[in-house]
Amino acid sequence: MPTDPPSFSRPSVQGTDRMDVIVKNGTVVTASGVSQADIGIKDGKIVQIGGTLESADRIVDASGCYVMPGGVDVHTHLDSGDFGTKSADDFGSGTIAAACGGTTTVVDFCSQDRGQSLGDAIAYWDSKAEGKVAVDYGYHMIVTDMNDGVFAELATLPDRGITSFKLFMAYRGMNMIDDVTMLKSLEQAKKYGALVMVHAENGDAADYLRDKFVAEGKTEPYYHALSRPPRIEAEATARAIALAEIVDTSIYIVHLTCGEALDELLRAKRRGVDALAETCTQYLYLTKEDLARPNFEGAKFVFTPPARSVEDQEILWKALQDRVLETVSSDHCSWLFKGHKDKGRDDFRKIPNGAPGVEERLMMVYQGVNQGRLSLPEFVDLVATRPAQVFGMFPQKGTIAVGSDADIVIWDPEATTVITQSEMHNNMDYSSYEGHAVKGMPKTVLLRGKVIVEDRDYVGTPGEGQFLKRAKYVRPGKPA
Ligand code: URP
Ligand code: ZN
Ligand code: ZN
């Protein structure tokens, strides 16, 4: 597992040794270790770790706390227009929520409409982000409609810092693509330095089952889960990987949920395929039984692929421990219970898919540390370092090292709360984790050396988040 070596040396600081900010008295946690050290910050960068640090414009006291790299969430849907509606969170509220949860970088999905050029899609996404973003951000490009122009445009995206393309194998009529589009995208990604991400579900099989349920009068949210069983995900996972193998390239499976799909990933890894995958917070905590909650409450947990079983949760935790999965993303989707989800009260097919979680992600995954499932460095690796590495942002993001951006979370391991929507900073009317007791919370968050969250409240300036031109994907063992 490539991680950053701890960098506790003292580099020369130009001019005076006076820092802009010193983070003092904390325990520094990176993916490679835990150490007691103060951190000196100048011009938004970490310039010193350890040694004597005394003089600064601002001292942030981290006594009793962990000092960790800001979280990196590589799967958010902000200001989404999917499912024929508009999400509650835009780039403002969504990234303020991210910051308050300890995440300082998000990579959002920029979606091509049918018939639209990729350049126009990016311009539209830029207009959504402009002046609003509270943390640093990048885009993955969702390709829905391939033609010669789009094929040519894909070649130009990595030079613009968009080094990942996302394809859907489900949602016919909305985002679903055919195998030729997949192959063409994989080919261009390989050639120009991008990583293809896939939503792996057999969309036609899911549509067949869900239409059958509805025809039988089974219209409640629970049937969403039954219409998308693990085999539907496992089949598509295997097919996506096979298509990547056909053009001899890498692939990243988004929101992997279950043992059956994981088996396909492991089989591919054993064949030597550079097949990567993430899971998401909701698959570690929710099960398909949550979709059966009374009074239509189950609609809150309608996302795809659906929540699985307690056994699958255990398999996913083990895969995180074994570092078979790269990261835990949020897949933050902000469909309100009242106004969005309730459109499907009489027909689960009309419930917009997705659930919120960008703010809760670090707190929820950290419970794995409390439970002895993850070490502190593994936690940091999963929520910050590894996603930054896979998606071309490391070591600028995802670590605490001299020269890295001073994106820092001061984490209080003793702080407790019970998750409730009223304490979240998004525009939602429910939390996916309402009522979960957590121990360990972000206290102070710095973005490029500036305090943007203090005592869990946002104190930054919307618009100060910067677009990240991400580095090209380099397949292990195959440098460019
Ligand atoms: O249900 C989900 N996950 N909605 C968001 C779109 C996607 O599939 O990632
Ligand atoms: Zn998806
Ligand atoms: Zn998603």
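Buried means under 20% relative accessible area, exposed over 50% and partly exposed in between, with a 1.4 Å probe and protein chains only. Aspartate 331 is buried by this cut-off, because its relative accessible area is 5%.

This is a predicted model, in which local features need pLDDT of at least 70 and side-chain atom pairs count only at pLDDT 80 or more, while totals for chains, interfaces and linings use all residues. Residues are numbered from 1 along each chain as its sequence is written, chains are lettered from A and ligands numbered from 1 in the order in which they are written, and side-chain values use heavy atoms, without hydrogens and water.

**The zinc pair**

Donors are N, O and S atoms within 2.8 Å of the metal (3.2 Å for Na, K and Ca); water is not among the atoms, so sites may look incomplete. Four donors count as tetrahedral if all angles lie between 85 and 135 degrees; four count as square planar and six as octahedral if opposite donors are over 155 degrees apart and all others between 65 and 115; anything else is irregular. Histidine 75 sits in strand S8 (residues 71-76), and aspartate 331 in the loop between strand S15 (327-329) and helix H11 (361-370), 256 residues apart. Helices (H or I, at least four residues) and strands (E, at least two) are DSSP runs, numbered from the N terminus.

The zinc ion (ligand 2) is 3.9 Å from the zinc ion (ligand 3). Its protein donors are His199 (ND1) and His255 (NE2), 2.1 Å away. Here the 4 donor atoms subtend angles of 57 to 145°, which makes the arrangement irregular. Histidine 199 belongs to strand S12 (residues 195-199), and histidine 255 to the loop between strand S13 (251-253) and helix H8 (259-270). They are 56 residues apart.

How accessible are these histidines?

| Residue | Relative accessible area |
|---|---|
| Histidine 75 | 0% |
| Histidine 199 | 1% |
| Histidine 255 | 2% |

**Ligand 1**

Ligand 1 has 13 residues around it, and His77, His199, Thr304, Asp331 and Asn353 come nearest. A residue is near if one of its heavy atoms lies within 4 Å. An oxygen atom of ligand 1 is 2.9 Å from a side-chain N or O atom of histidine 199. A backbone N or O atom of glycine 354 lies 3.2 Å from a ligand 1 oxygen. The protein covers 99% of the 270 Å² of accessible area that ligand 1 has on its own. Such areas come from the Shrake-Rupley method with a 1.4 Å probe; for residues, only the protein chains shown count as cover.

**Cysteines and serine 431**

How many disulfides are there? The whole structure has 0. A disulfide is a pair of cysteine sulfur atoms within 2.5 Å. The sulfur of cysteine 258 is 13 Å from its closest cysteine sulfur, in cysteine 280, too far for a bond.

Serine 431 lies in the loop between strand S16 (408-418) and strand S17 (437-447). Its side chain makes a polar contact with the side chain of glutamate 360 (2.8 Å). A polar contact is a pair of N or O atoms within 3.5 Å; within protein, one must be able to donate a hydrogen and the other to accept it, and residues adjacent in sequence count only if both atoms are side-chain atoms.
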